[in-house]
Amino acid sequence: MTLTILVAKMRLTKTLCLLQILVLAPLVAFSADEGKASYYADSLAGNPTASGEPYDPSALTAAHRTLEFGTKVKVTYTKTGKSVVVEINDRGPYVDERVIDLSRAAAEAIGLIDDGIGTVKLEVL
């Protein structure tokens, strides 16, 4: 059911409709997203992440600006077609064109290591 049909059926006021769109649109839009990914430098191993966990290069984890800690995300590298499921445990990336920073293990799993940066598709699970 589309958002338009849902709003029409609920017969909400314009103000309430706008509020619903503002709240729901980011969730709908992020169900699948595409952008640039990179991975953490090895020198960060052991440093605390925003969730408080130490960064572990061998764990399948990632940083995202807005997703809740513990969210599982399927990351597919468009160049190789390979995918990996990561858990969000940190904030970032802080470079505008990037949508996610991966652990070394996650980057290795999809073949991103040699390129360093690549286009990925994200799917919240």
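**View 1. Arg 104 and Glu 108, one helical turn apart in helix 3.** In this predicted model, Arg 104 and Glu 108 are 4 residues apart in helix 3, and are therefore separated by about one helical turn. The two side chains form a salt bridge, with the closest N and O atoms 3.2 Å apart. Arg 104 is partly exposed at a relative accessible area of 23%, and Glu 108 is also partly exposed, at 45%. Salt bridges with shared partners join Arg 104, Glu 108 and Asp 42 into one network.

**View 2. The salt bridge between Arg 104 and Asp 42.** Here the closest N and O atoms are 3.6 Å apart. The pair links distant parts of the chain: Arg 104 belongs to helix 3, while Asp 42 sits in the loop between strand 1 (32–39) and strand 2 (61–63), 62 residues apart. Asp 42 is partly exposed, with a relative accessibility of 46%. Side chains of opposite charge can pair when their charged atoms come close.

**View 3. The salt bridge between Asp 115 and Lys 79.** The closest N and O atoms of this pair lie 3.0 Å apart. Lys 79 is exposed at 60% relative accessible area, whereas Asp 115 is partly exposed at 36%. In the model, the count of salt bridges comes to 4.

**View 4. Asp 101, a buried acidic residue in strand 5.** Asp 101 is found in strand 5. Its side chain is buried but has no salt bridge, and the nearest side chain of opposite charge, that of Arg 98, is 4.8 Å away. The cut-off for a salt bridge is 4 Å. The Asp 101 side chain does make a polar contact with the side chain of Ser 38, at 2.4 Å. Leaving aside neighbours within four places in sequence, Asp 101 is in contact with Ser 38, Tyr 40, Thr 61, Ala 62, Ala 63 and Pro 93.

**View 5. The cis peptide bond between Gly 92 and Pro 93.** The bond joining Gly 92 to Pro 93 is cis, with omega about -5 degrees. Most peptide bonds are trans. Pro 93 is found in the loop between strand 4 (83–90) and strand 5 (98–102). Pro 93 is also one of the residues in contact with Asp 101.

**View 6. The largest nonpolar core and Leu 102.** This core has 19 residues, and those touching the most other members are Val 75, Val 86, Ile 100, Leu 102, Ile 110 and Val 120. At least two residues of the core come from each of strand 3 (72–77), strand 4, strand 5, helix 3 (104–110) and strand 6 (118–124). Not counting residues up to four places away in sequence, Leu 102 touches Val 75, Val 86 and Ile 110, among others. Further residues touched by Leu 102 include Ala 37, Ser 38, Tyr 39, Tyr 40, Thr 61, Ala 62, Ala 107 and Leu 112.

**View 7. Confidence along the chain.** The protein averages a pLDDT of 84, and 74% of the residues score at least 70. Confidence is highest in strand 4, at 98, and lowest in helix 2 (residues 14–29), where the mean is 48. Where pLDDT is low, the predicted coordinates should not be read in detail.

Notes
Residues numbered from 1 in each chain as written. Predicted model: local features only at pLDDT ≥ 70, side-chain atom pairs only at ≥ 80, totals over all residues. Heavy atoms only, no water. Core = buried A, V, L, I, M, F, W, Y, C linked by side-chain atoms within 4.5 Å. Buried < 20%, exposed > 50% of the residue type's maximum accessible area, 1.4 Å probe, protein only. Contact = heavy atoms within 4.5 Å. Lys, Arg positive; Asp, Glu negative; His and termini not counted. Polar contact = N/O pair within 3.5 Å; in protein donor to acceptor, adjacent residues only side chain to side chain. pLDDT = per-residue confidence, 0-100.
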